[in-house]
Amino acid sequence: MTGAGANPPTPDLDLDLTVALTEAPGGPERTFTLARRPGHPPESNLPDPAGAVAAVERFGEGIFFPVPGPPMLCTQQYGGPQVAVVTGTFGGRQVHSRFSLTDGCEIARWHALAPLLGGISGSTGAV
């Protein structure tokens, strides 16, 4: 994702998200939460709640609710077996999104929300 895919920050955005992260097929699932109500600090068990809120505010709309368009061409690369499923609400809208590292497009989505999903080698969440 580039700056063109980013959304301006929305400081009063109401968030209530749960991330179910599996590091490998058949492995244990770890669950993280991120909740924020307007005017209150985030409530979370993530290592960097402020970074997760910033990433979700910046990229969440486009990632959680993509606008249909032409098929994307994605590089055929493999980033790892990790899978994250994000459920909950983003600004009052229901979220149910699956993230993986199966190709270049999916890796870019993961990098955009790395503070929410868990960083991968070399990831800062910046795109």
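## What you're looking at

This is a predicted model, so local features are described only where pLDDT is at least 70 and side-chain atom pairs count only at pLDDT 80 or more, while totals for chains, interfaces and linings use all residues. Residues are numbered from 1 along each chain as its sequence is written, and side-chain values use heavy atoms, with hydrogens and water left out.

The chain has three helices and five strands. Both kinds of element are DSSP runs numbered from the N terminus: helices are H or I over at least four residues, and strands are E over at least two.

Of the 127 residues, 39% are buried. Here, buried means under 20% relative accessible area, exposed means over 50%, and partly exposed is in between (1.4 Å probe, protein chains only). The accessible surface of the chain comes to about 6900 Å², and carbon and sulfur atoms hold 59% of it; such areas come from the Shrake-Rupley method with a 1.4 Å probe, and for residues only the protein chains shown count as cover.

## The sheet

Strands of a sheet pair through backbone hydrogen bonds, either parallel or antiparallel. In this model, five strands make an open sheet, lined up as β3-β2-β1-β4-β5 with antiparallel pairing. Two strands count as paired if DSSP finds at least two bridges between them. The edges belong to β3 (43–44) and β5 (93–101); each has a single partner strand, so one side of each has no neighbour in the sheet.

Look at β1 next. This strand (residues 15–22) is joined to β4 (residues 80–90) by eight bridges, and it pairs with β2 over eight bridges as well. T18 is a handy landmark: it stands opposite T33 in β2 and opposite T87 in β4. β1 is mostly covered, with six of its eight residues buried.

## Turns between strands

β1 and β2 form a hairpin with six residues between them, and G26 in the turn has a positive phi of about 80°. G27 also lies in the loop between β1 and β2, and it is partly exposed, at 28% relative accessible area. G27 and Q82 are 55 residues apart in sequence, yet their C-alpha atoms are 9.8 Å apart in space.

β4 and β5 pair over nine antiparallel bridges, one of which links T89 to Q94 in β5. Their hairpin has two residues between the strands, and G91 takes a positive phi near 60°.

## The core

The largest nonpolar core has 28 residues, and V56, F64, V86, F99, L113, L116 and L117 touch the most other members. A nonpolar core is a set of buried Ala, Val, Leu, Ile, Met, Phe, Trp, Tyr and Cys residues joined through side-chain atoms within 4.5 Å. The elements giving two or more residues to this core are β1, β2 (29–36), α1 (49–64), β4, β5, α2 and α3 (114–117). α1 supplies the largest share, seven residues.

What does F99 touch, leaving aside residues up to four places away in sequence? Its contacts (heavy atoms within 4.5 Å) include I63, F64, V86, W110, L113 and L117. Among contacts in the chain between residues at least 6 apart in sequence, 54% join residues at least 24 apart.

pLDDT is the predictor's confidence in each residue, from 0 to 100. Its mean over the chain is 85, and 84% of the residues reach 70 or more. Over residues 1–5 the pLDDT stays under 50, and the model has eight contacts for them beyond four places in sequence. Residues 121–127 are also below 50, with 14 contacts in the model beyond near neighbours in sequence. Where pLDDT is low, the predicted coordinates should not be read in detail.
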